[in-house]
Amino acid sequence: QAEAAFKKAIELEPKALAPYTDLARLYAKAGTYDKAAQGLETALKQNPDSLPTLMLLALIHEQQGRVEQAAGLYEKVLKLVPDFPPAANNLAWHLSERGDMERAMFLAQKAKEAMPKDPRVSDTLAWIYYKRGLYARALDLLKESSQQLPDEPAVHYHLGMVHLKRGEEAAARQALERALRLSRTFPGAMEAEQAREA
């Protein structure tokens with residue numbers, strides 16, 4: 001019924017963006033990401049600079065593993081609004097995975113300044129610190145993030161890896177075991193398993 005209602009709204013007012021994004025969220029919740037992406041791409045033809053539509057489409061691409069498409073959309077958002085923190089944070093993560101650590105650090109720090117209490121932003125910045133060997137800075141942020149996101153396995157994995165680099169083996173094992181209890185499929189699960197057994 002909801003799908004039919006959103007489609008009718010689009011038919012009646014094809015230039016209105018809300019029905020497209022509402023329908024895309026409905027499809028995404030049902031796991032039909034291709035349909036969600038198609039609808040959002042149609043919406044962007046009506047309004048190519050819609051931040052909510054661009055961000056939602058980027059997140060759907062991420063769910064599908066289309067990392068380059070997602071990163072491209074975050075780049076577009078930042079061209080429109082250079083200080084938009086969610087796009088800066090998400091792009092920083094992708095850049096760090098790609099090895100562009102300098103720009104990743106810049107964007108993550110900008111996101112942290114704008115959203116100092118957001119645990120996901122703290123996690124992104126901490127992981128970049130980890131990759132750059134700044135373990136003390138990473139640890140402070142990850143302790144905070146792991147308390148705020150107790151059911152997020154990737155955060156506990158990151159915390160465990162930082163403890164490991166600091167030679168804190170008991171704390172590392174505890175964090176890694178918690179991550180693996182929460183999920184065996186999160187990005188980094190294989191590395192967490194290997195680190196725990198090392």
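Student: Is the crossing of α5 and α6 left-handed or right-handed?
Tutor: The model under discussion is a predicted one. In it, α5 spans residues 67–80 and α6 spans residues 85–98, and their axes come within 9 Å. The sense of the crossing of α5 and α6 is left-handed.

Student: At roughly what angle do the axes of α5 and α6 cross, and are the two helices roughly parallel or oblique?
Tutor: The axes of α5 and α6 cross at roughly 135°.

Student: Which residues of α6 meet α5, and how do the residues of the contact divide by class?
Tutor: On the α5 side, the contact comprises Val67, Glu68, Ala70, Ala71, Tyr74, Glu75, Val77 and Leu78. They meet Ala87, Ala88, Asn90, Leu91, His94 and Arg98 in α6. By class, the residues of this contact of α5 with α6 are nine nonpolar, two polar and three charged.

Student: Is Leu91 buried or exposed, and which residues does Leu91 touch?
Tutor: Leu91 has its place in helix α6. Buried means under 20% relative accessible area, and Leu91, at 0%, therefore counts as buried. Its C-alpha atom is separated by 9.1 Å from that of Leu73, 18 residues away along the chain. Residues up to four places away in sequence aside, Leu91 touches Ala71, Tyr74, Glu75, Leu78, Arg103 and Leu107.

Student: What is the relative accessible area of Ser96, and which residues are in contact with Ser96?
Tutor: Ser96 lies in helix α6. Its relative accessible area is 2%, and Ser96 is therefore buried. Beyond its neighbours within four places in sequence, Ser96 is in contact with Met101, Ala104, Ile128 and Lys131.

Student: Where does Met55 lie, and which residues are in contact with Met55?
Tutor: Met55 belongs to helix α4, residues 51–63, and is buried at a relative accessible area of 10%. Neighbours within four places aside, the contacts of Met55 are Tyr74, Val77, Phe84, Pro86, Ala87 and Asn90.

Student: How many residues has the largest nonpolar core, and which have the most contacts inside it?
Tutor: The largest nonpolar core has 54 residues. Those with the most contacts inside this core are Tyr74, Leu91, Leu107, Ile128, Tyr157, Met161 and Phe186.

Student: With which residues is Tyr157 in contact, leaving aside its neighbours within four places in sequence?
Tutor: Tyr157 is among the residues with the most contacts inside the largest nonpolar core. Its contacts, sequence neighbours within four places excluded, are Trp127, Leu176, Ala179, Phe186, Pro187, Gly188, Glu191 and Ala192.

Student: Are α8 and α10 roughly parallel or oblique to each other, and which residues make the contact?
Tutor: The axes of α8 (residues 119–131) and α10 (residues 153–165) come within 11 Å and cross at roughly 30°. Angles under 35 degrees count as roughly parallel, and α8 and α10 are therefore roughly parallel to each other. Asp123, Trp127 and Tyr130 of α8 make the contact with Val155, Tyr157, His158, Met161, Val162 and Lys165 of α10.

Student: How do the residues in the contact of α8 with α10 divide by class?
Tutor: The crossing of α8 and α10 is left-handed. The contact of α8 with α10 has six nonpolar, one polar and two charged residues.

Student: At roughly what angle do α11 and α12 cross, and which residues make the contact?
Tutor: The axes of α11 (residues 169–182) and α12 (residues 189–197) come within 10 Å and cross at roughly 140°; the two helices are therefore oblique. The crossing of α11 and α12 is left-handed. The contact joins Arg173, Leu176, Glu177 and Leu180 of α11 to Ala189, Ala192, Glu193, Ala195 and Arg196 of α12.

Student: How many helices and strands are there, and what percentage of the residues is buried?
Tutor: The protein has 12 helices and zero strands. Of its 198 residues, the buried ones make up 44%.

Conventions: Residues numbered from 1 in each chain as written. Predicted model: local features only at pLDDT ≥ 70, side-chain atom pairs only at ≥ 80, totals over all residues. Heavy atoms only, no water. Axes fitted to C-alpha atoms, helices over the stretch in contact; angles between N-to-C directions. Helix = DSSP H or I, 4+ residues; strand = E, 2+ residues; numbered from the N terminus. Left-handed = near helix turned anticlockwise from the far one by under 90°. Contact = heavy atoms within 4.5 Å. Nonpolar A, V, L, I, M, F, W, Y, C, P; charged D, E, K, R; others polar. Core = buried A, V, L, I, M, F, W, Y, C linked by side-chain atoms within 4.5 Å. Buried < 20%, exposed > 50% of the residue type's maximum accessible area, 1.4 Å probe, protein only. Parallel < 35°, antiparallel > 145°, perpendicular 65-115°, else oblique.
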